[in-house]
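Please look through the notes below with the structure open beside them.

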Amino acid sequence: MTSADTGHPDLSHSPTTRANGNPPAEAADAPAPDPDASRPGPLAGIRVLDLGTVYAAPITAMLLGDYGAEVIKIEHPRGDPARTHGLSKDGHGLWWKVIARNKRTVTLNLSTPDGQDLLRRLAGQADVLVENFRPGVMENWGLGPDRLQQINPGLVMLRVTGFGQSGPYAKRRAFGTLAEAMSGLAHQTGQADGPPTLPPFGLADGVSGVSGALAVMLALYHRDTSGGRGQVIDLALLEPLLGILGPGPSVYDQLGIIAGRHGNRSPSNAPRNTYLTADNRWVAISASATSIAERVMRLVGRADIAEKPWFCSAEQRVQRAELIDRPVAQWIGAHTFTEVVEAFHTAGAALAPVYDVEQLTHDPHVLARDVLTTIQDEDLGPLKMQNLFFRMSRTPGTIRHSGRRLGQDTAAVLAQLAGVNPDDLGPLRERGVI
């Protein structure tokens with residue numbers, strides 16, 4: 001069941017001048033106040049239109065909202081698919097509650113002339129527009145960069161697609177899974193004698209979402225320091241994911257080597273693996289530094305291996321990973337989880353438990369830093385979710401609310417930014433515009 005597009009009693013954002021220099025639209029009398037008006041964060045005063053659907057573009061908008069931007073989520077009157085993706089409780093999608101946090105929700109059917117006109121009005125009052133339609137869709141609606149930046153020269157447009165706005169694959173349908181496959185990630189993930197392995201979550205979307213937030217900030221900085229003009233950002237899911245996968249293309253170019261699958265071992269250092277304790281708990285070890293690798297071998301009673309001439313070379317250790325791994329696994333397998341964690345901590349060696357989400361929620365470090373925080377949701381009550389990605393000393397950002405109901409802020413936003421009279425909302429609903 002959706003809301004009646006009535007708006008929330010605490011909604012408005014009424015600056016006297018937009019950050020792009022445009023005055024605000026004429027608003028209807030007494031628009032509802034904005035619940036985000038007192039938001040902390042370095043992006044206070046920046047307005048973002050989020051036209052994206054699952055998941056990269058909405059993650060970008062979520063991050064901007066976390067740090068103070070006013071984010072207006074524009075979705076079809078049927079609702080964003082993210083509302084029903086994954087598990088739900090009492091009809092409320094739990095991923096939606098996270099990914100739509102700090103966003104005001106507005107319904108608009110952009111395939112209708114009225115919806116397109118209203119979007120153009122909103123874009124005239126925005127700093128950023130984020131979208132992930134296939135190339136050409138926005139242009140067919142009269143909402144392409146040429147049209148919107150003519151209305152608002154300061155508008156920054158982030159366009160997220162699978163393969164970019166140009167090239168032979170530009171108009172192919174794509175999801176993060178395809179980027180994970182094509183980038184080489186899946187080819188390098190899994191056991192050496194097993195199939196390529198895809199992540200069980202939207203890794204490409206997450207990486208692109210963070211990259212998109214960085215790109216938007218670069219564009220806003222350029223706009224506000226170099227003449228006030230916005231620009232268009234072409235972000236393909238494939239490219240930032242490929243960018244974090246290490247030097248594979250350079251290695252192939254120079255050495256002709258194609259990276260393969262190594263399971264939980266690393267092609268760059270050893271020991272690096274997961275190990276099972278005597279009480280059936282998994283732990284992970286990484287020894288990228290030789291000094292850490294030496295501490296591990298001394299701890300497990302094999303200082304003789306650490307004293308070998310080849311041990312100081314990470315490349316040489318990798319070639320002897322089985323020799324190194326065997327005594328490490330045997331020692332860990334003979335001790336309890338608590339004994340292993342304490343011994344590695346005392347020795348100054350790097351180890352972490354392999355947690356499931358329940359175990360993570362009870363970890364004392366996670367609790368002390370509020371890595372998972374609890375907010376009050378209007379539908380579900382207390383709701384735990386991931387906290388902000390990073391901490392800022394002067395402008396900390398905050399989670400002000402979780403994902404809101406469909407169309408909850410339509411009336412307030414259209415009145416405030418598009419000059420829509422409340423009496424016009426009924427006809428707009430009847431025509432399927434909102």
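Which residues lie nearest the centre of the second largest pocket? Point 2 gives the reply.

1. Basis of the notes. This is a predicted model, in which local features need pLDDT of at least 70 and side-chain atom pairs count only at pLDDT 80 or more, while totals for chains, interfaces and linings use all residues. Residues are numbered from 1 along each chain as its sequence is written, and side-chain values use heavy atoms, with hydrogens and water left out.

2. The second largest pocket. Gln-188, Ala-259, Gly-260, His-262 and Pro-267 lie nearest its centre, out of 22 lining residues. A pocket here is an open set of points on a 1 Å grid over the protein atoms alone, with protein on both sides within 12 Å along at least five of seven lines; a cavity is a set of points where a 1.4 Å probe fits but cannot get out; lining residues have an atom within 4 Å of a point. The second largest pocket holds about 710 Å³ of space, where a volume is the space filled by probe spheres set on the grid points, and points are joined across faces, edges and corners. Its lining takes at least two residues from each of α7 (185–188) and α10 (248–255). Helices (H or I, at least four residues) and strands (E, at least two) are DSSP runs numbered from the N terminus. By class, the lining has nine nonpolar, eleven polar and two charged residues. Ala, Val, Leu, Ile, Met, Phe, Trp, Tyr, Cys and Pro count as nonpolar, Asp, Glu, Lys and Arg as charged, and the others, Gly among them, as polar.

3. The largest pocket. Its volume is about 920 Å³. The lining has 40 residues, and Thr-53, Val-54, Pro-81, Asn-132 and Phe-133 are the closest to the centre. Two or more lining residues come from each of β2, β7 and α6 (176–182); α6 gives the largest share, three residues. The classes are 19 nonpolar, 13 polar and eight charged.

4. The cavity. One cavity of 30 Å³ or more turns up in a search of the whole structure, and the space in the largest cavity is about 30 Å³. Its lining includes Thr-53, Val-54, Lys-73, Asp-80 and Trp-96. Six of the lining residues are nonpolar, one is polar and three are charged.

5. Asp-80. This residue sits in the loop between β2 and β3 (88–89). Is Asp-80 buried or exposed? Asp-80 has a relative accessible area of 5% and so counts as buried; the limits are under 20% for buried, over 50% for exposed and partly exposed in between, with a 1.4 Å probe and protein chains only. Beyond its neighbours within four places in sequence, Asp-80 is in contact (heavy atoms within 4.5 Å) with Gly-52, Thr-53, Val-54, Lys-73, Glu-75 and Trp-96. Leu-51 is 29 residues from Asp-80 in sequence and 9.5 Å away in space, C-alpha to C-alpha.

6. Strands. β1 (residues 47–50) and β2 (residues 70–75) pair in the parallel sense over four bridges; two strands pair if DSSP finds at least two bridges between them. Arg-47 has Glu-70 as its bridge partner in β2. β7 pairs in the parallel sense with β6 over four bridges, with Val-130 opposite Leu-158. Five bridges join β7 to β8, also in parallel, and there Thr-161 stands opposite Ala-236. Six of the six residues of β7 are buried: Val-156, Leu-158 and Val-160 on one side, Met-157, Arg-159 and Thr-161 on the other.

7. Nonpolar cores. A nonpolar core is a set of buried Ala, Val, Leu, Ile, Met, Phe, Trp, Tyr and Cys residues joined through side-chain atoms within 4.5 Å. The largest one has 43 residues, and Val-48 and Val-128 touch the most other members. Among the elements that each supply at least two residues of this core are β6 (128–131), β7 (156–161) and β8 (232–236). Apart from it lies another core of 29 residues, including Leu-129 and Val-413. In soluble globular proteins, nonpolar side chains tend to be buried together.

8. The whole chain. There are 19 helices and 13 strands. Of the 434 residues, 47% count as buried.
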